[in-house]
Amino acid sequence: MLDSVAHSTFLPNASFCDPLMSWTDLFSNEEYYPAFEHQTACDSYWTSVHPEYWTKRHVWEWLQFCCDQYKLDANCISFCHFNISGLQLCSMTQEEFIEAAGVCGEYLYFILQNMRSQGYSFFNDPEETKATIKDYAVSSCLKTSGIKSQDCHSHSRTSLQSSHLWEFVRDLLLSPEENCGILEWEDREQGIFRVVKSEALAKMWGQRKRNDRMTYEKLSRALRYYYKTGILERVDRRLVYKFGKNAHGWQEDKL
DNA sequence: CGTGCATTTCCTGGTT
DNA sequence: AAACCAGGAAATGCAC
């Protein structure tokens, strides 16, 4: 089972990232049936069929795509739970997803629901969706190597909304596209970083928490509380912080 | 409903 | 003077 997932092929990235493409467009677009002229629905890619009509193979292909694209830990996923059709997949509740794949399940559920409502535009939404995906993947245990499936399950309640400030800061440091020069590594190895645009950082954090009253003054107070818990360590320079021993996921060689 | 955690808000005072 | 830093105290929102 795992082998079939690991060895099947994906569409190249460029093929499904057109944000303007609807399900109808995708379905009728010949580009999605490039190599096989007389394909049946069973032979088509999952990307060319609405999730409700997915075959078991489509479900597998989708799972593989998600694992690959969002660095989900396949160890967290009970693949036998997903040996089902698209119709059955779509009827699964979030709880059932979590039961089948822990925090990865919560994430997969999130992706599926968005795909069902938005089609592939979901994968290329430059706004919230993209940040949501990234944050979802990075803030939970998904990107950490060597994580045990039990750990994933124990974190199954972790979600975007519960993402902590230090994780938000960490993820910003780790994603240059979102960062926009707001944060900068001062010493990558030691986890020392500088807040370059304090106002922008506060604004972004405020957006994340849906709080337009957020300021750097208040954000920095929250950061200072991290000194006590070892998430951050004090650095005696303005706007400079350092990850402490209880912060994880920021080290280059451990990503 | 109560409790605890993680901020958020506010504030006084000190530093760059 | 503006922008930060240090923390105390209390309030808030949320999950359990």
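Me: How many of the residues of chain A count as buried?

Reply: Of its 255 residues, 47% count as buried, where buried means under 20% relative accessible area, exposed over 50% and partly exposed in between (1.4 Å probe, protein chains only). Keep in mind that this is a predicted model: local features need pLDDT of at least 70, side-chain atom pairs count only at pLDDT 80 or more, and totals for chains, interfaces and linings use all residues. Residues are numbered from 1 along each chain as its sequence is written, chains are lettered from A and ligands numbered from 1 in the order in which they are written, and side-chain values use heavy atoms, leaving out hydrogens and water.

Me: Which residues are the closest to DNA strand C?

Reply: A residue is near a strand if one of its heavy atoms lies within 4 Å of it. Here 12 residues surround DNA strand C, and the closest are Tyr 216, Arg 221, Arg 234, Arg 238 and Leu 239.

Me: What does a base nitrogen of DNA strand C come close to at 2.3 Å?

Reply: A polar contact is a pair of N or O atoms within 3.5 Å. At 2.3 Å from a base nitrogen there is an N or O atom in the side chain of Arg 238. For Tyr 225, the distance from a side-chain N or O atom to a base nitrogen is 3.2 Å.

Definitions and conventions. A polar contact is a pair of N or O atoms within 3.5 Å; within protein, one must be able to donate a hydrogen and the other to accept it, and residues adjacent in sequence count only if both atoms are side-chain atoms.
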